[in-house]
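Open the model in your viewer and show it as a cartoon. Follow the stops below in order.

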Amino acid sequence: ALSPNGSALFVTGFGGHKIRRVEVATGAVSAFAGSSTQGGSDGVGGAARFSRPATVAVSPDGSTLLVCTTWALRQVCVAAPP
């Protein structure tokens with residue numbers, strides 16, 4: 001899913017249980033949320049756990065990702081609220 005301003009692309013890693021962020025301008029890839037460990041717990045960054053994330057969508061204001069996993073629909077904050 002592309003961020004509303006077009007600067008970042010969020011992609012899922014189905015087998016890797018992660019959400020990755022790709023900076024469109026540079027192509028730099030970083031782990032955004034999740035880890036190699038499968039699960040279903042909330043957390044910040046690598047502390048979050050996903051079970052095979054399959055699809056991701058970005059809210060119109062870019063503040064939230066909706067992640068569809070094997071067993072759940074999860075909400076992920078892109079940035080901390082002000």
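In what sense do S1 and strand S2 pair, and over how many bridges? Select residues 18-23 for S2, then S1: the two pair in the antiparallel sense over 6 bridges. Strands here are DSSP runs (E, at least two residues), numbered from the N terminus. Two strands pair if DSSP finds at least two bridges between them.

Before moving on, note that this is a predicted model: local features need pLDDT of at least 70, side-chain atom pairs count only at pLDDT 80 or more, and totals for chains, interfaces and linings use all residues. Residues are numbered from 1 along each chain as its sequence is written, and side-chain values use heavy atoms, leaving out hydrogens and water.

**The sheet.** The 3 strands form an open, antiparallel sheet in the order S1-S2-S3. Strand S1 (8-13) and strand S3 (29-34) are at the edges with a single partner strand each, so one side of each has no neighbour in the sheet. Now select alanine 8: glutamate 23 in S2 stands opposite.

**Serine 51.** Go to the loop between S3 and strand S4 (55-58); serine 51 is there. Is serine 51 buried or exposed? Serine 51 is buried, at a relative accessible area of 6% (buried means under 20%, with a 1.4 Å probe and protein chains only). Show side chains: serine 51 makes a polar contact with glutamine 38 at 2.7 Å. Such a contact is a pair of N or O atoms within 3.5 Å; within protein, one must be able to donate a hydrogen and the other to accept it, and residues adjacent in sequence count only if both atoms are side-chain atoms.

Methods
Helices (H or I, at least four residues) and strands (E, at least two) are DSSP runs, numbered from the N terminus. Buried means under 20% relative accessible area, exposed over 50%, partly exposed in between (1.4 Å probe, protein chains only).
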